[in-house]
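Here is a short briefing on one protein chain. Overall make-up comes before the details.

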Amino acid sequence: MSTKFKKTPIPPNIRKKASTIVSHALKNMEYKNGINQLEKYRRLYSFDDKLLYALGLIYDHRGMQISGQFYSQEESVKISMQQKNKAKCYFKSAEEIFRDILNRDSENVYALFRFGVLSELDGQYRKAIKFKLKAYRIGMKDKNKRIPLLIGFTYLKMGKKREAEKWIKKELKL
């Protein structure tokens with residue numbers, strides 16, 4: 001019979017350090033370092049969904065960094081297969097974190113939207129639209145005015161120009 005080890009809640013001083021690590025990693029694009037530091041805390045303490053989401057965001061940004069998503073098209077062509085596979089590992093970690101959050105709170109708009117972004121990066125446009133639309137309908141439309149534009153771009157990638165135009169026009173009306 002196995003018993004699951006229950007982690008202690010994260011103390012306020014460690015939470016503050018973790019928040020600083022998140023801010024620094026995102027601001028300076030030092031994702032790998034941020035992941036390493038946060039994972040040390042995660043092994044010891046129980047993260048709430050907000051901190052867990054931040055870790056997932058850093059994982060997905062690291063994957064985009066490695067896979068060339070932050071570069072011009074010419075530069076991203078030079079990315080090796082090894083780098084692409086490494087990026088997939090980071091995307092998978094981010095996906096697991098967002099799925100974990102959604103298992104507890106199926107209407108977490110931030111996790112839904114990032115799950116949609118990861119699906120799009122993987123070429124799963126229908127799945128991406130499903131998650132992005134759900135995030136938009138639940139309430140992200142009030143929190144992030146760029147969502148209609150991003151939904152429109154996903155529709156463009158799917159070749160659905162009318163649907164893309166509808167969402168892009170929503171963006172312009174905001």
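Accessible areas come from the Shrake-Rupley method with a 1.4 Å probe, and for residues only the protein chains shown count as cover. On that basis the chain exposes about 11,100 Å². Carbon and sulfur atoms supply 52% of this area. The model is predicted: local features need pLDDT of at least 70, side-chain atom pairs count only at pLDDT 80 or more, and totals for chains, interfaces and linings use all residues. Residues are numbered from 1 along each chain as its sequence is written, and side-chain values use heavy atoms, leaving out hydrogens and water.

**Overall make-up**

- The chain has nine helices and two strands. Both kinds are DSSP runs, numbered from the N terminus: helices are H or I with at least four residues, strands are E with at least two.
- Along the sequence, the order is β-α-α-β-α-α-α-α-α-α-α.
- Of the 174 residues, 41% count as buried. Buried means under 20% relative accessible area, exposed means over 50%, and partly exposed lies in between (1.4 Å probe, protein chains only).
- Take the contacts between residues at least 6 apart in sequence: 55% of them join residues at least 24 apart. A contact means heavy atoms within 4.5 Å.

**Helices α1 and α2**

- Two packed helices are described by the angle between their axes and the distance between the axes.
- α1 and α2 pack at about 165 degrees, with axes 8 Å apart. That makes α1 roughly antiparallel to α2.
- The axes are lines fitted to C-alpha atoms, for helices over the stretch in contact, and angles run from 0 to 180 degrees between N-to-C directions.
- Angles under 35 degrees count as roughly parallel, over 145 as roughly antiparallel, 65 to 115 as roughly perpendicular and the rest as oblique.
- From α1, Ile14, Lys17, Ala18, Ile21, Val22, Ala25 and Leu26 take part in the contact. They meet Tyr31, Gly34, Gln37, Leu38 and Tyr41 of α2.
- The residues of this contact divide into nine nonpolar, two polar and one charged. Ala, Val, Leu, Ile, Met, Phe, Trp, Tyr, Cys and Pro count as nonpolar, Asp, Glu, Lys and Arg as charged, and the others, Gly among them, as polar.

**The loop residue Met29**

- Met29 sits in the loop between α1 (12-28) and α2 (31-44).
- Met29 is not a glycine, yet its phi is positive, at about 55 degrees.
- Met29 counts as partly exposed because its relative accessibility is 40%.

**Ser119 in α6**

- Ser119 lies in helix α6 (residues 109-121).
- Its relative accessibility is 4%, so Ser119 counts as buried.
- Leaving aside residues up to four places away in sequence, Ser119 touches Gln124, Lys127, Ala128 and Phe131.
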